[in-house]
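Here is a friendly tour of the spaces and surface of one protein model. Have the coordinates open as you read.

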Amino acid sequence: YMKISKFFSLMLCLSLASACSASQYTQARQTGYQNDHELRNHVKLCHFAIPQSYGEPVPRSEAVENSYFDDAAFAGDSRIAGIAELYVLADTTARIYGSVSLDVSKATMRTVFPLDNGGMGTMIDALAQTPVQKIYLSFGLNELGWYVMDIFKEDYIDIVNQIKALQPQAQIYLLDVYNFSKSREYENDYTNLDKLKLINDTIKEVAAETQVNLIHSNSMFESEDTYLPDEWTSDGYHLNKEGFSHWLTMIKEHVNKGEILYETKPCAD
C-alpha cells in the first residue's frame with residue numbers, strides 16, 4: 001500500500017510540474033516572446049518611442065491639402081516674397097512676410113512689413129500679430145556671401161528663439177536653401193555648391209540646437225546636386241509659377257504630423 005501511495009504521489013507531482021511549465025510557456029508567448037530561442041533565454045521584446053531628431057529633415061509623408069496652411073505663416077527673404085507675388089497660396093489664409101534682400105541680421109531691425117494696425121514693422125513684429133500653428137522660415141540665400149558662419153548661426157538662433165517665445169504653440173520649420181541654376185554657378189566666389197552645402201549644414205545645426213523642424217528643400221529635385229531647372233526659374237535664383245508648383249508639393253509632403261514612431265528591442269530590466 002505504501003508503494004502504491006508513493007507511486008501516485010510521484011505521478012501527481014510530475015503532472016503539476018508539466019502543467020506549471022505549460023502555463024509559463026503560454027504566458028511567455030502572450031507577453032512578447034517571438035520564438036523558442038527567446039523563450040529559453042528569457043528575452044522579452046518591447047516597443048520604445050523613438051525621440052525626434054530635430055537635426056534631421058522631416059521625412060516624406062502623405063501630402064496635406066492646401067487648407068493645411070490656413071493657420072500658417074511664411075517669413076523670410078525674396079524666395080518667400082515670391083509666394084505672395086505669384087499667388088501660390090491664394091486659396092488659403094496663410095500669412096506671407098517675405099522681403100527682397102532680407103537676411104538674419106535685418107529681420108529684427110528692418111521695418112518693411114505692413115501691420116494690421118496700419119503701421120510698419122519688422123518680420124518679428126509681423127509674426128507676433130496673430131496666433132498661428134505653423135511658421136516656415138527661409139533664410140540663407142542672401143547670406144551665401146558671409147564668410148563667418150558663426151554669426152549667421154547666432155543670428156538665426158536668436159530669431160527662432162524670439163518666435164518661439166511669441167508663438168509657443170506653433171510648429172516652426174526651417175527651409176534650407178535650394179540650388180540655383182547652372183548659369184548662376186561661379187557668378188561670384190560664393191555661388192557654388194560647396195558654399196551652399198556649408199550654409200545648409202549651418203541651418204541644420206540651428207534646427208538641432210533650437211529643436212525645430214527642418215525641411216531639406218533640394219528634395220524637390222531628382223538628386224542632391226541638381227541645379228535649379230531653367231524652366232522653373234525666371235532669373236536663376238527664384239522660382240516661377242512652375243517652380244513653385246514643385247516647391248509647394250515638396251512642402252505639403254514634408255509635414256511633422258506629431259506621429260510617434262517606435263522601435264522594437266529587448267525590454268529594459
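Predicted model: local features only at pLDDT ≥ 70, side-chain atom pairs only at ≥ 80, totals over all residues.

Residues are numbered from 1 along each chain as its sequence is written, and side-chain values use heavy atoms, leaving out hydrogens and water.

Let's begin inside. On a 1 Å grid over the protein atoms alone, a cavity is a set of points where a 1.4 Å probe fits but cannot get out, a pocket is an open set with protein on both sides within 12 Å along at least five of seven lines, and lining residues have an atom within 4 Å of a point. The structure holds one cavity of 30 Å³ or more. Among the residues lining the largest cavity are Asp77, Arg79, Phe139 and Trp247.

| Space | Volume | Lining by class |
|---|---|---|
| Largest cavity | about 90 Å³ | seven nonpolar, two polar, three charged residues |
| Second largest pocket | about 270 Å³ | four nonpolar, four polar, seven charged residues |

Of the 15 residues lining that second largest pocket, Lys197, Asn200, Asp201, His216 and Glu224 are the closest to its centre. Helix H6 (residues 193-210; a DSSP run of H or I, at least four residues) gives the most to this lining, with six residues.

Val148 sits in the loop between strand S6 (134-138; a DSSP run of E, at least two residues) and helix H5 (149-166).

Conventions. Points joined across faces, edges and corners; volume = space filled by probe spheres on them. Nonpolar A, V, L, I, M, F, W, Y, C, P; charged D, E, K, R; others polar.
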